[in-house]
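Please open the model in your viewer and keep the selection tool at hand.

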Amino acid sequence: MKLKYDKLFSLLCLLAVVVLFFNTGTIRDLASNGDPGARLIPYLGEAVLCICSLIILFSKSDSTSFLDKAGWLKLLIMLGCMVLYTLGLIYLGFLISTPIAVAVFIYLLKEDEKVNPIVALLMVAGLTVGLYFMFTKGFSILLPQGKLF
Amino acid sequence: MADYIAALGVCLEPMNLVLLFICVVAGIIFGAVPGLNGSLGISLLLPITFGLSQNASFSMLCGMYVGGVSGGFISAVLLGIPGTPSAIATCYDGHPMSQKGETSRALGLGIIGSFIGEVLAVLIASALCTIIADLALMLGPWEYFSLCICAISLVAALSKGRMAKGIMAAAIGLLLSCVGLDPITGCARFTFGNKALTGGIDMTALMLGAYALSQIAKSYAKGNPKLQAFDSRNIKGIGVRLKDFTSNIKTIFSSLMIGLWIGFLPGMGSALSNMVSYSFAKSTSKHPEKFGTGCAEGILASEVSNNAATGGALIPMIALGIPGDSATALLLAALTIHGLTAGPLMIQQHPVTSYMIFGFMLVGAVLVLIIELVVKRWFPYILRIPYHYLYTIILVMCFIGSFTSTNMGFNMVVMLFIAVLALLMDMSGVPMTPLVLAFILGEKIEEYLRKGMTYSSEGFAMFFTRPVSLIFLLVAAASILLPVLKPLFTKGKLSKEWVADD
């Protein structure tokens with residue numbers, strides 16, 4: 001039997017509630033006179049989430065189809081590129097990973113449209129240099145340096 | 001009054017005016033392009049404002065807010081596709097009017113309707129804010145707790161689809177707000193040994209992940225919309241007649257009031273107000289059959305209301321510290337970043353700053369009017385910006401923005417996690433708005449609850465014995481129970497009719 005998305009999400013939420021419930025028990029309780037302590041709101045949130053998840057799990061589903069097979073593949077590719085860009089920023093830094101990411105994102109997002117390579121190159125260089133100077137020189141805000149360099 | 005004039009003076013300083021102008025233009029573009037909106041623009045601007053002065057920051061953020069809400073009507077009129085959810089109802093009459101050859105008139109009605117709604121709402125809001133703030137000072141933690149619960153339950157109950165999903169989203173938001181140190185005793189919660197989570201989930205990372213990354217990923221997976229080209233030769237002059245406004249005074253007034261009220265209610269905003277206002281205008285019109293065929297009344301109802309909602313949303317933000325919509329939630333975060341705490345004391349302690357926000361909205365509305373009337377002919381070019389360049393810029397800025405918010409690479413991981421969560425929620429039909437509202441109010445709810453119980457020996461009972469607190473809790477309960485109980489009463493009525501017929 002194929003599970004609908006909302007029921008699957010409810011199951012994930014129930015799993016999260018179990019994990020969080022045990023974690024809540026480890027929170028230091030420094031409750032003083034009248035103060036219910038740091039565990040109250042987490043327990044409350046977990047209870048409400050549990051009840052709502054069970055209601056959705058045992059009632060009629062109203063979720064519709066989200067993506068077809070090709071759409072799922074595209075979504076995974078996009079999320080994968082985002083993860084790689086994140087790792088690139090953390091380990092390689094802004095100046096190395098951003099030009100690569102911009103080029104990848106442009107060619108990924110263009111789909112069937114034709115992209116002039118010179119315009120794309122200008123966009124890669126312009127965006128990287130522009131953002132670098134805007135943040136570091138303009139706003140005096142540090143950009144990722146990269147752990148490896 | 002003196003503070004208001006001083007605030008307007010700050011708004012009219014050359015540097016602030018320039019920044020406001022740039023961000024109004026950017027806001028109009030964000031509002032006009034389907035898939036983008038002013039809240040996304042504000043999320044991207046927020047990290048940039050960290051290094052700027054308070055005045056410069058708010059000029060940029062308010063400019064983006066005003067431009068973003070106003071710009072939504074452009075693609076609604078030209079293409080029949082709303083640029084933002086706040087312009088859905090504008091499509092019903094704006095596009096048909098354009099198809100009849102009256103594009104200039106439709107755009108003109110949208111521009112001037114937006115201006116009327118924005119200016120009048122901001123003026124009324126600035127007057128009401130002081131009164132509400134004074135009333136709010138009489139309230140204690142019990143009333144604030146109940147007000148926050150009422151706000152979340154109203155939003156959850158009005159969520160599209162089932163209420164259980166809205167409340168589920170609110171519970172997730174509440175749990176996310178618990179990550180980090182508890183506000184009273186400083187105990188670490190849900191950090192799982194990770195020091196980076198000690199400060200909690202960053203607001204910027206949440207907003208960028210939920211509203212930008214997930215939307216771009218979904219838009220790419222579903223296929224970016226192919227927007228048809230539009231011939232701009234039809235757009236000439238201002239296009240509107242004085243009679244378009246004088247004959248619709250009643251609609252303009254009712255839309256203003258509806259927008260103000262819905263904007264005031266936490267978590268609702270322009271997306272709801274334009275639909276409610278359009279429906280009301282149609283049901284009370286002398287010629288309801290003209291709605292949907294390209295009538296001026298329909299466009300005015302939508303545009304006056306959606307811009308009035310921005311003024312309404314400012315009232316709870318400044319007077320109570322509760323955001324009226326997602327954009328004011330981000331403005332609230334900006335206030336916190338600059339060392340200000342929104343709430344009833346803000347107007348007393350920082351009157352010029354409080355009125356400055358209203359001032360920027362007012363001046364922004366005037367700039368929007370001038371810019372849109374002057375460049376009306378070039379609106380179709382905004383819709384020709386290639387998605388692959390636009391989305392790439394936004395993606396890179398999201399990652400940089402989330403990093404600079406806390407200066408930690410881990411914040412980008414948090415942003416990705418929120419984006420995946422937002423996609424899962426979208427797939428399941430679980431709305432995002434209750435999550436965001438509960439996340440923002442979560443810490444305050446806990447603080448008020450625990451303080452309320454500590455201040456009194458009666459514990460929980462105090463929340464029910466204080467009249468104002470009890471009223472808010474009853475409204476919260478009614479908003480959740482009524483939709484559940486109403487079908488039962490309706491069923492009972494139907495079965496009685498069956499018996500009577502027999």
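The stops below give a selection and then what is found there.

This is a predicted model, in which local features need pLDDT of at least 70, side-chain atom pairs count only at pLDDT 80 or more, and totals for chains, interfaces and linings use all residues. Residues are numbered from 1 along each chain as its sequence is written, while chains are lettered from A and ligands numbered from 1 in the order in which they are written.

**Stop 1: chain A**

Select chain A and colour by secondary structure. Its secondary structure comes to 5 helices and 0 strands, where helices (H or I, at least four residues) and strands (E, at least two) are DSSP runs numbered from the N terminus. The radius of gyration of chain A is 23 Å, well over the 15 Å that the globule rule gives for 149 residues, so chain A is more spread out than a compact globule. Here the radius of gyration is taken over C-alpha atoms, and the globule rule is 2.2 Å times the number of residues to the power 0.38. Along the principal axes, the C-alpha trace of chain A spans about 65 × 50 × 25 Å.

Next, select residues 5-57 and then 69-138 of chain A: these are domain 1 and domain 2, with bounds that come from an automatic or database domain assignment. The C-alpha centres of these two domains of chain A lie 38 Å apart. Of the 149 residues in chain A, 26% are buried. A residue is buried if 20 or more other C-beta atoms lie within 10 Å of its own, exposed if 12 or fewer, and partly exposed in between, with C-beta atoms placed from the backbone.

**Stop 2: chain B**

Now select chain B, which has 22 helices and 2 strands. Its radius of gyration is 23 Å, close to the 23 Å that the globule rule gives for 502 residues, so chain B is as compact as a globular protein of that length. The C-alpha atoms of chain B fill a box of roughly 75 × 70 × 55 Å along the principal axes. Buried residues make up 60% of the 502 residues of chain B.

**Stop 3: where the chains meet**

**Stop 4: the largest nonpolar core**

A nonpolar core is a set of buried Ala, Val, Leu, Ile, Met, Phe, Trp, Tyr and Cys residues joined through C-beta atoms within 7 Å. The largest one has 204 residues, and B:Leu61, B:Cys148 and B:Met415 are among those that touch the most other members. Helix α4 (residues 54-79) of chain B gives the largest share of this core, 14 residues. Domain 1 (5-57) and domain 2 (69-138) of chain A both give residues to the core, so it lies between them.

Centre on B:Leu61: not counting residues up to four places away in sequence, its contacts include B:Ile42, B:Leu331 and B:Ala334. Then select B:Asn55, also found in helix α4 of chain B. B:Asn55 is buried, with 20 other C-beta atoms within 10 Å.

**Stop 5**

Select B:Phe192, in the loop between β2 (188-189) and α9 of chain B. B:Phe192 is not a glycine, although its phi is positive at about 50 degrees. With 9 C-beta neighbours inside 10 Å, B:Phe192 counts as exposed.

Move to B:Asn407, in the loop between α18 and α19 of chain B. B:Asn407 likewise has a positive phi, of about 60 degrees, without being a glycine. B:Asn407 is exposed, with 12 other C-beta atoms within 10 Å.

Finish at B:Phe464 in helix α21 (residues 462-465) of chain B. B:Phe464 counts as partly exposed, with 14 C-beta neighbours inside 10 Å. Beyond four places in sequence, B:Phe464 touches B:Leu470 and B:Leu473.

Notes. Two residues are in contact if their C-beta atoms, placed from the backbone, lie within 7 Å.
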